[in-house]
Structure formats: C-alpha cells, structure tokens
Amino acid sequence: MTYSEASMDSLRQTGDELADAVVVTLFERGEVGTFNSLMRYVSTAGTPLPDGLPEVAREYLQATSVPPAWVDWGEMEKARLFFIDNNVHISTALSFAAMPACYVVPHVAKLLSATHGLNYPSKRMAETGQFTVYLMQPDAFEAGGRFIPAAQKVRLLHASIRHHLKRENRWDSEAHGTPICQEDMIGGQLFFSLLVLDSLHRLGIHMSTEGAEAYYYAWRVVGAILGVDQDAVPRTLEEARQFQDLYMLRHMGPSDEGAHLTRQLIDLYEEVVPGTFFDPIVSALVRYLIGDTCADWLRVPRTAWDSVVKTAPTLLGVLETIEDRSPLGAWALDRLGHLTTIFELSSLTRGRVMHYAIPEQLKKDYGVTGAVPRTHRWTPPAPTVTP
C-alpha cells in the first residue's frame with residue numbers, strides 16, 4: 001500500500017460512522033448519564049448488560065463484543081509473550097516516547113487537552129497504561145477479560161469528543177479535518193506500536209523480527225476494535241514506517257499545548273520516582289527517545305543526565321546477557337519487569353480502576369492559548385552544500 005498527500009487528506013475527513021451514530025443518538029435522547037452510570041458495572045467481557053441500558057447502546061455493545069473474525073490467535077499469543085519479555089521497556093517507551101510523540105502533533109495536543117483537561121495528567125496516563133495492560137492479559141478477549149469492554153468505551157469516548165467539538169464550533173474542520181479522524185487514529189496506533197519498537201531498538205533491546213511483527217499485529221487488532229478503517233491501515237511494518245514518516249512530516253511541530261502536556265508528564269513521573277536525585281532522568285529519557293528537535297519543541301529541559309541515559313543500551317545489554325544465559329535470571333527479570341509495570345500503574349491510578357466514560361461536556365477553557373494555527377507543517381532544513 002502506498003500513501004500520498006491526497007490519500008492522507010482523504011483520511012482526515014472521516015471519523016467512525018458506527019460510534020458517531022451511537023453517540024449522537026445518546027445525546028439527542030438525553031441518555032448519556034444513564035449509559036455512563038450503568039456501564040460502570042460492565043467491566044468484564046461476558047457480563048450481562050444491565051436492564052435500562054439505552055437500546056442504541058445495547059445494540060452497539062452486542063455488535064462490537066467480539067474481535068474481528070480475521071484475528072490470528074497464534075500471532076496474538078506471540079505478542080503477549082513479547083510484552084511479558086519486554087514489559088518494563090515497553091512501559092518506558094509508551095511513557096517517554098509514545099506520549100510525547102502525541103504531544104508533538106499540535107492538533108493532537110489540543111485534542112488531548114480538550115479530552116482530559118490540563119489539570120489531570122495522571123488520569124490520562126493511567127487510562128493509557130491500564131488499557132495496554134488489559135490488552136496483554138491471557139484472557140484479554142475471553143469471558144472475564146477487561147479489554148473488550150474498555151475498548152468499546154474508548155471508541156465511544158472518541159466519538160463523543162468529535163460530537164462536542166463539532167457541535168460547539170470549537171474545531172476548525174476546514175483546516176484540520178474531522179477531529180480524531182482516521183489519519184489521527186492510525187497515527188496514534190503507530191505511536192503505540194511502531195514507535196515503541198523503534199524506542200526499544202534505541203534502548204539496545206534485542207528483538208526478533210517475529211516478535212516485533214507480532215506486537216505490531218496486536219495493535220492492528222486494537223485499531224480494528226477501535227474503529228480504524230482496515231482498508232487504510234498499514235498491514236506491515238514497512239508500510240507502517242511509510243505512513244508514520246508522512247504523517248509526522250505533515251503535522252509535527254511546536255505548540256503551547258504540547259509543551260504544557262509534556263511538562264505535566266515530566267512532573268508526574270518525577271513524583272513517581274522516589275526521592276529527587278533521579279528526577280532529571282525523566283527529562284533525559286524523553287529527550288533521548290524522541291530526539292533533540294522534538295524535545296526542544298516540547299521544551300524538555302536539558303540536564304546532566306542526558307549523557308548518562310545514552311549508556312542505557314550498554315546496561316540493558318548486560319541484563320539481556322544474564323537473561324539469555326540463566327533461566328532463573330530470565331524468570332527473575334521478567335518478574336521484576338512485571339512488578340515494575342504494576343508499581344508504575346498503581347502509582348498513576350492511586351490503586352483505583354480507571355473508568356472510561358462518555359464526557360457530557362468538555363472543559364470550556366481547554367486550551368493553553370487560543371485556537372490552533374491553521375498550519376503547523378514542519379519543513380525540513382535545506383541541505384548544506386559544501387563547496
């Protein structure tokens with residue numbers, strides 16, 4: 001599949017027809033509050049839908065209660081094992097590469113500000129972390145699993161944001177297309193898959209091609225469940241690379257919202273890290289994983305740890321050697337990674353289960369500044385010609 005400016009522009013005009021129709025009906029009938037209240041009790045697959053649930057929501061939940069028929073469960077199991085083997089590294093990449101990558105796209109930073117408000121970064125990060133943990137559980141798609149109900153709610157959450165921004169004329173559709181459009185949904189899918197794999201490589205983590213492809217495949221399945229058009233989504237890592245490169249060239253750039261969200265992320269993780277001595281490592285990791293240009297756009301401070309973090313691949317290489325040579329060492333490191341991930345998530349959630357709900361309204365003062373400028377297109381510097 002080949003992507004072009006024209007094909008990407010087309011994807012900017014499309015949202016999620018199924019979820020959008022459900023959300024519009026819920027708002028028209030004044031049933032959003034009822035839906036949110038009743039759905040708090042539906043957190044695992046196979047749970048009977050409660051009496052009193054709006055009929056349009058019931059039909060949606062029944063229609064989206066199973067994964068696509070084309071899913072290769074062998075590949076999904078490979079992805080789960082890949083996650084177990086690399087969970088602490090994947091958590092690092094999600095927090096310090098994937099999320100900042102979202103912030104370096106100005107209109108996405110504006111959307112995230114509108115979605116969660118600028119004052120609750122822990123909620124935003126906890127929801128993302130919890131969603132990923134649900135995905136990589138052995139029973140993720142079975143009765144009792146938590147992933148499917150979470151994905152169904154997140155899909156409606158996205159639709160509700162489109163609904164609010166359009167209805168309240170708080171989005172320049174002529175300049176930016178549909179909010180949370182197909183292009184942005186695919187871009188987000190790649191941030192959490194391809195960009196994570198790139199970050200693992202930058203950290204010096206040795207990955208098999210089979211494991212990397214399985215991890216990407218799992219996020220393709222996630223995209224399908226969240227309403228991503230499967231005729232447009234990249235099927236292979238090579239196609240994904242082409243899409244991501246073009247997407248970033250089209251949209252990345254500096255913004256006040258992006259810098260503010262990044263500052264919140266850094267502050268949040270500095271609170272999670274015990275003491276203050278290691279606080280600068282958070283900024284250093286972000287800068288190392290996303291590069292100096294993007295880090296400067298997001299106003300990530302430079303610290304004395306910037307050079308220290310560059311030695312991470314060497315240290316991780318030592319740990320991988322231990323893992324390869326000792327079954328007991330491998331078990332211990334996998335267990336440590338699991339506990340580290342759980343500790344990080346519990347620190348963000350404060351021990352609570354995060355509920356994904358349809359917001360009945362968005363923050364009125366959701367932006368740091370005024371409207372997003374009509375273009376944030378980044379132009380690469382002209383090559384230097386040496387006489």
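A residue counts as buried when its relative accessible area is under 20%. By that rule, 55% of the 387 residues of the protein chain are buried. The model is a predicted one. Its protein chain has 19 helices and zero strands. The accessible surface comes to about 17800 Å², and carbon and sulfur atoms hold 56% of that area. Take the contacts between residues at least 6 apart in sequence: 79% of them join residues at least 24 apart.

**Nonpolar cores**

In soluble globular proteins, nonpolar side chains tend to be buried together.

| Core | Residues in the core | Some members |
|---|---|---|
| Largest nonpolar core | 92 residues | Phe131, Phe141, Phe147, Phe191 |

In the largest core, Phe131, Phe141, Phe147 and Phe191 touch the most other members. Helix H5 supplies the largest share of this core, 14 residues. Now look at Phe191. Leaving aside neighbours within four places in sequence, its contacts include Ala98, Ala101, Val196 and Tyr247.

**Two packed helices**

How do H5 and H11 pack? Helix H5 (residues 73–103) meets helix H11 (residues 194–202) at an angle of about 110°, and their axes are 8 Å apart. Angles of 65 to 115 degrees count as roughly perpendicular, so H5 is roughly perpendicular to H11. On the H5 side, the contact includes Phe82, His89, Ile90 and Leu94. On the H11 side, Leu195, Val196, Leu197, Ser199 and Leu200 take part. Sorted by class, this contact has 11 nonpolar, two polar and no charged residues.

Notes
Residues are numbered from 1 along each chain as its sequence is written. This is a predicted model: local features need pLDDT of at least 70, side-chain atom pairs count only at pLDDT 80 or more; totals for chains, interfaces and linings use all residues. Side-chain values use heavy atoms; hydrogens and water are left out. Axes are lines fitted to C-alpha atoms, for helices over the stretch in contact, and angles run from 0 to 180 degrees between N-to-C directions. Helices (H or I, at least four residues) and strands (E, at least two) are DSSP runs, numbered from the N terminus. Angles under 35 degrees count as roughly parallel, over 145 as roughly antiparallel, 65 to 115 as roughly perpendicular and the rest as oblique. Contact means heavy atoms within 4.5 Å. Ala, Val, Leu, Ile, Met, Phe, Trp, Tyr, Cys and Pro count as nonpolar, Asp, Glu, Lys and Arg as charged, and the others, Gly among them, as polar. Buried means under 20% relative accessible area, exposed over 50%, partly exposed in between (1.4 Å probe, protein chains only). Accessible areas come from the Shrake-Rupley method with a 1.4 Å probe; for residues, only the protein chains shown count as cover. A nonpolar core is a set of buried Ala, Val, Leu, Ile, Met, Phe, Trp, Tyr and Cys residues joined through side-chain atoms within 4.5 Å.
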